[in-house]
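Subject: Handing over a structure, with notes

Dear colleague,

I am passing a structure on to you, and I would be glad if you looked through it with the notes below at hand.

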Amino acid sequence: MAENGDAGIGKKRHIKINNTVILFIILAAMFALSSYFGRPFFFSKLNLIPMINNLSFIGIIAAVLTMLMVAGEIDFSIGGNIGLTACLTAVLLESGLPGWLVVIVALLAGAAMGAFNGMLVTVVGVNSIIATIGTMFIWRGIGYTLTNGESRLAMNPVVDYIGRGFVFKIIPFPIVLFIIIFIITYTMMNHSKWGRKIYAVGSNPLASFLSGINVKKVKFIGFLLCGITASLSGLILTSLTAVGMPQHGQGLELVIISSIILGGTALGGGKGTILGTLAGVFILSVLYNFLTIMNVYYFYIQIVQGSVLILVVAAYEIRQSMAIKRV
Amino acid sequence: MEKGVKKYSQIMNFLRTPTPTLIGIYIAMMLLFSLASENFLVVQNIKGIFNSFAVYGIIAAGITIVMIGGGFDLSVGSTAGLAGIVSAVLIMDGIEIPTPYVFLIALAIGSLVGLINGLIITKVGINPIITTLGTLAIIRGVCYFWADLNPRIANVFVQNLGRIYLKNVFPITTVYIIVAFIILSLILKFTRFGRDLFTIGGNENLARLAGIPVDRVKIISYVISGFFSAIAGLLLISQLGSGRPEYGTGAELEVLTIVVLGGVVVGGGKGNFLGVFIALVIIQTISNGMVLIDVPVFLRMVVKGALLVLVIAIDAIRSRRHLLLY
């Protein structure tokens, strides 16, 4: 399995039928099934635009989080980040700050959160899983404190455009953002020195360190970027719903991390592609959109989300052990 | 002469464990809160604190076992919720299955969840955190099957389970916790299972090479965790008086804080119940203290998260991980 960026033993004859292709086949099948069972509503503007928006705001975080996960760390605090950003935006808008300033402050807040996570993991040395689970609660708690638990209205021309604006009158702004970020992360991972460093750090931190790569810097910047992008997605969500709720983004970690792992990124790092994450995001977005159209009760969808996570990782582990047996 | 030296080194070794620090922190906090609020040192309040140990303490018992073996169980809150709501439904007016059977069913549910967790983690080989994160979501969703029923606990025995005070002073729930901790401590110290658990936590590959049935021991630890989560679920519905699908949400956070503060290392291999007990007391006292000094509700959530981060940061520094170069 010679995947893009994989430092493993290459069996050249499998290079065409690699995992990303399989994922896109699954995606096509899902799309077909959903459009059949969900007809005629599925293809209507009323459904497609929210689905595209949802896909974009999940995909933006997923793309950047992939970079962090390939480096071997993880960030569970993205949901809390979104909640905090949403509440912060609403509160700042209420106090009269101009829209563009609020956006900048929100992104800076995201950077601060990302930096805090990064420091916890690189400087203090805490395990990233537990550190980010802890910070998730802190961020969300701060969000609750900011709005005193209520949902606050967040309407403003600039902020509204982020989620509900249309470029060239037909393309929703979120997907434009997603395409831009996707192109940037794809180029970074596959065609830049930084991307090579990320893969190196993920595969073998010790060897990378001995080769002169500043492992801590790579990880720290990964967390920082995650924080900023999570805030960006928080702004999109706030704009789409026009309110800042502290509950925004609750449970999102499950979906995002599932889609990244579905896309072929290993939990320990070192393997994974942005393209794969894209496929994973598409598949899960279509799946959850379909379930929502079919009016499935939210908590049952949660059952699906949990099962998908386990199945996805299980499939990955089984493939791993089969590959080892083959060698 | 030799006996004196041995005693001295034993005492020094004990002082190096986290336990004395915890006792110190506790005394400091008691002083702080009694100064800050005149309602703190009242008998009624202290009794209330001790009764609030109930759910978290029992869950902590189970989760400590799992973590000593190197594992992790984030699904404890959901499992408690599931056992709780199923029990509440079964003793409801229309159904009224006899109480002993309901208890057995609840414990079976918890153990079953633990078994599933254990099997997925050992046989399929998925990371415990990811697995239990998935199970957490799945089981929480399952709890909502009964969301439209609204069972109230009319059964007196169940009501008393979590609420009686022995001799009107000592909450019975604290007795449960102490008994559970003592039994588990004995198991850890004197049985093969306990020693194996510590070995697996210390170095899993080494344990495997030494012939320890690693998979079996780990599965049993997850079953124990599920078992205790179910007990906690019963205590939850008893103390809250009804069965709701959202009970137990967020329990993982508090229990994790308690357990890590109590000296249980996240990678496994270290941990003792005395430390966990003192940590339980400390965290619950802080929760109670925050209410008494009128800390706004949502700020308490921030404090709880900050406590967890602080506690794990201290754990990381204690294990010298901050000195790693990469």
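What follows is a description of the two chains, then of the contact between them, and then of some individual places in them. Please keep in mind throughout that this is a predicted model.

The two chains

Chain A has a secondary structure of 13 helices and 4 strands, and its C-alpha trace spans about 60 × 50 × 35 Å along the principal axes.

Buried residues make up 49% of the 326 residues in chain B, and 78% of the contacts with a separation of 6 or more are accounted for by residues 24 or more positions apart.

Where the chains touch

The contact draws on 40 residues from chain A and 39 residues from chain B. On the side of chain A that touches chain B, at least two residues each are supplied by α4 (99–124), α5 (128–147), α9 (205–210), α10 (215–241) and α13 (298–326) of chain A. Of these, α13(A) gives the most, with 13 residues. When the residues of this side of chain A are sorted by kind, they divide into 25 nonpolar, 13 polar and 2 charged.

A pair of helices in chain A

Two packed helices are described by the angle between their axes and the distance between the axes. In chain A, helix α2 (residues 45–70) packs with α10(A) at an angle of about 175°, and the two axes are 8 Å apart. Because an angle over 145 degrees counts as roughly antiparallel, α2(A) is roughly antiparallel to α10(A). On the side of α2(A), the residues that make the contact include N53(A), F57(A), I60(A) and I61(A), while those of α10(A) include G222(A), F223(A), L225(A) and C226(A). The residues of this contact divide into 15 nonpolar, 4 polar and no charged.

The nonpolar core

In soluble globular proteins, nonpolar side chains tend to be buried together. Here the largest nonpolar core has 196 residues, and I58(B) and I59(B) are the ones that touch the most other members. Not counting residues up to four places away in sequence, I59(B) touches V76(B), A80(B), F228(B), S229(B), A232(B), A251(B) and V255(B).

Two residues with a positive phi

Most residues other than glycine have a negative phi. In chain A, N148(A) has a positive phi of about 55° although it is not a glycine. This residue lies in the loop between α5 and β1 (152–153) of chain A, and N148(A) counts as partly exposed because it has 13 C-beta neighbours inside 10 Å. A242(A), also not a glycine, has a positive phi of about 65°, and A242(A) is found in the loop between α10 and β4 (243–244) of chain A. With 16 other C-beta atoms within 10 Å, A242(A) is partly exposed.

I25(A) belongs to helix α1 (residues 19–37) of chain A, and with 12 C-beta neighbours inside 10 Å it counts as exposed. Although I25(A) and A279(A) are 254 residues apart along the chain, their C-alpha atoms are separated by 9.6 Å.

In chain B, L188(B) has its place in helix α8 (residues 172–190), and L188(B) is partly exposed, with 19 other C-beta atoms within 10 Å. The C-alpha atoms of L188(B) and N272(B), which are 84 residues apart along the chain, are separated by 8.9 Å. If its neighbours within four places in sequence are left aside, L188(B) is in contact with G194(B) and L197(B).

With best wishes

Methods
Residues are numbered from 1 along each chain as its sequence is written. Chains are lettered from A and ligands numbered from 1 in the order in which they are written. This is a predicted model: local features need pLDDT of at least 70, side-chain atom pairs count only at pLDDT 80 or more; totals for chains, interfaces and linings use all residues. Two residues are in contact if their C-beta atoms, placed from the backbone, lie within 7 Å. Ala, Val, Leu, Ile, Met, Phe, Trp, Tyr, Cys and Pro count as nonpolar, Asp, Glu, Lys and Arg as charged, and the others, Gly among them, as polar. Axes are lines fitted to C-alpha atoms, for helices over the stretch in contact, and angles run from 0 to 180 degrees between N-to-C directions. Angles under 35 degrees count as roughly parallel, over 145 as roughly antiparallel, 65 to 115 as roughly perpendicular and the rest as oblique. A nonpolar core is a set of buried Ala, Val, Leu, Ile, Met, Phe, Trp, Tyr and Cys residues joined through C-beta atoms within 7 Å. A residue is buried if 20 or more other C-beta atoms lie within 10 Å of its own, exposed if 12 or fewer, and partly exposed in between; C-beta atoms are placed from the backbone.
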